[in-house]
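Try each task before you read its solution.

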Amino acid sequence: MEIDKLNSLVELYFKKCDEVDPDRLFLKWLKPDKPTYTWGDIKERIFKLSTKIKTLINEGDRCLILSENRPYWLMSDLAVMNAGGISVPIFTTYSSNDYKYILNDCKPSLIIVSNNDQFKKIKDFVNLDEQKIISFEEIEAESLLIKNILNEDDYKKEINFNLKRNMPACIIYTSGTSGNPKGVILSHGGILSNCEGAVELLETLTKKKDPIFLTWLPLSHSYEHTVQFIQIIVGAKVFYAESLEKLISNMGVAKPTIMTAVPRFYQNLFTKINMNFEKEKGFKRKLINQTLYLGKKILKKEKLNLGEKIINFLCEKLVRKKIRNQFGGNLQAFVSGGGALDQNIGEFLNAIGLPTLQGYGLTETSPVVSCNLPDLVKVETVGPPFRTNKVRIAEDGEILIKGENVMLGYWNLKEETERVIKDGWLHTGDIGELDQNNYLKITDRKKDIIVNLGGDNISPSKIENILCLNEFIKQSFVYGDKKNYLVALIVTEKEINKEKIKLIIENINKSLTLIEKVKKFVLINEEFTIENGMLTPTLKLKRKEITKKYKQQLENLY
């Protein structure tokens, strides 16, 4: 498929439908008693849904989608675009203020909700006289129920060929670590360009086995939203996970070949597997140690001698194969994005037989900019840039991006758009460098840098990642801008006394530079969560909110 010749995501979808057997399995929600959908099933439903939507909206109208992941999500997204609307996916975990702001900001003429739980989150901000509602299940308001729409026989099998690459496909609101969410306008061409770069990467992963994806990251996230279209291009089977808690058991059912997730998932995976490893003794423990040692050598392209090759063969059969089977047995790669993956975690997962490719991107770049390649994984980097975009490092180290994948702009924020896009180059706010292999390495975020009283620039996220590698530290927050030394908030994994944490931090400090050492800390009982406003929906720390809440406790440490 010549992706660069396509005009829209709608055209991409229907073109693929012509290539695929209509009876082939396409979408499956892993909740009990949920149906499986073929390519033919989905195509017919999209036609029916877009026929109805076209009667409810004008061209260019915004259409909000508020739902957990499920097959109707993809159908709605494509049906909105086919009807000439602009899809506005939003997180199910937003705060009440965020919902109010987004509804007032983009003024959708159509709202698509999955169920009453989701509707209740926005009902106070909806004008039922002006805004139409389509619901997947019965809700406490007058709505068009999707099952009734899909039962209608009077519909048109029309494909919207008026869409162009430079037209808006969706508005995805960034979760924002401070202030209100910003609506990022992504074009059809921007997402298609991103898919083109991703497919070149995936070709090496899909040669051995038919692609199967297990999706759990919210489809309202720009990363997973674009992944939908990559799944379409490669003709994948797509399974929607029940929940984060059931993800591992869902992997056993779906047997995915590829899975995308954010660093928090891999951090939890690392902690769980490592804790199981710690319990082993004797021969098993020695074999695990060899698996890690030899796996890291292979990752770094170091040659094994004959003895090591024999031991590695045993590691492959007795350790790595067993681990892979726990994840369905077919995994070709985990792809990590949406934040920095700790190097130790990347090395660990690759060494034990779970290939993990770290990538980099922003909502503003549709979203992927670069990704590691399966034949050369450099875990300390985010891989080489896709050939469909250009990357340049500014004089101050800021990463600049240019390409069709760069957003059209922020919705209703002209000045903000002009501040970040200059001469076609998107200023990312991230600091980085390109190595001799043209692999991009992220060293920090401009706005998250701590500048101490000595004028030193310190990365709080780097130290937080190192602290959280310890099995007893669940979360951490490092503080110290314009101070003589660093302090931290610590959330512990289980009941543990302060002296134990003090010893752990003293030990961690040995691996840090003088200016990076955490001198004092305070234990807090409450976790940072999306619900309490301390984490963004993509599980990043809301530094401004955390500082505001714990300001006095942090200042008391000086």
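**Exercise 1. Find the element that holds Tyr240, decide whether Tyr240 is buried or exposed, and list its contacts beyond the local sequence.**

Step 1. Look up the secondary structure: in this predicted model, Tyr240 sits in strand E11, which covers residues 237-240.

Step 2. Check the accessibility. Tyr240 has a relative accessible area of 1%, and buried means under 20%, so Tyr240 is buried.

Step 3. Leave out residues up to four places away in sequence and collect what remains. Tyr240 touches Leu27, Lys28, Trp29 and Leu30, then Asn69, Arg70, Pro71 and Leu74, and also Leu214, Thr215 and Leu219.

Step 4. Leu214 is 26 residues from Tyr240 along the chain, yet their C-alpha atoms are separated by 5.9 Å.

**Exercise 2. Work out which parts of the chain are tied together by the salt bridges Lys300–Glu347, Lys462–Glu516 and Lys483–Glu555.**

Step 1. The structure has 29 salt bridges in total.

Step 2. Begin with Lys300 and Glu347, whose side chains meet at 3.9 Å, N to O; the cut-off is 4 Å. Lys300 is in the loop between helix H11 (282-299) and helix H12 (306-326), while Glu347 is in helix H13 (residues 343-351), so the bridge ties together parts 47 residues apart in sequence. Lys300 is partly exposed at 48% relative accessibility, whereas Glu347 is buried at 10%.

Step 3. Move on to Lys462 and Glu516, where the closest N and O atoms are 2.7 Å apart. Because Lys462 lies in helix H15 (residues 460-467) and Glu516 in the loop between helix H16 (498-509) and strand E26 (518-523), this pair joins parts 54 residues apart in sequence. Lys462 is partly exposed at 40%, and Glu516 is buried at 10%.

Step 4. Finish with Lys483 and Glu555, at 2.8 Å from N to O. Lys483 is in the loop between strand E24 (473-479) and strand E25 (486-492), Glu555 is in helix H17 (residues 543-555), and they are 72 residues apart. Here Lys483 is buried at 17% and Glu555 is partly exposed at 23%.

**Exercise 3. Describe the second largest pocket: its volume, its lining and the element that gives the most to that lining.**

Step 1. The space in the second largest pocket is about 1,400 Å³.

Step 2. Its lining has 49 residues, and those nearest the centre are Trp216, Ser243, Leu244, Glu245 and Leu539.

Step 3. Helix H5 (116-122), helix H9 (247-254), helix H10 (263-279) and E24 are the elements that give two or more residues to this lining. H10 gives the most, with eight residues.

Methods
Residues numbered from 1 in each chain as written. Predicted model: local features only at pLDDT ≥ 70, side-chain atom pairs only at ≥ 80, totals over all residues. Heavy atoms only, no water. Helix = DSSP H or I, 4+ residues; strand = E, 2+ residues; numbered from the N terminus. Buried < 20%, exposed > 50% of the residue type's maximum accessible area, 1.4 Å probe, protein only. Contact = heavy atoms within 4.5 Å. 1 Å grid on protein atoms, 1.4 Å probe; cavity = no way out; pocket = protein on both sides within 12 Å on 5 of 7 lines; lining within 4 Å. Points joined across faces, edges and corners; volume = space filled by probe spheres on them.
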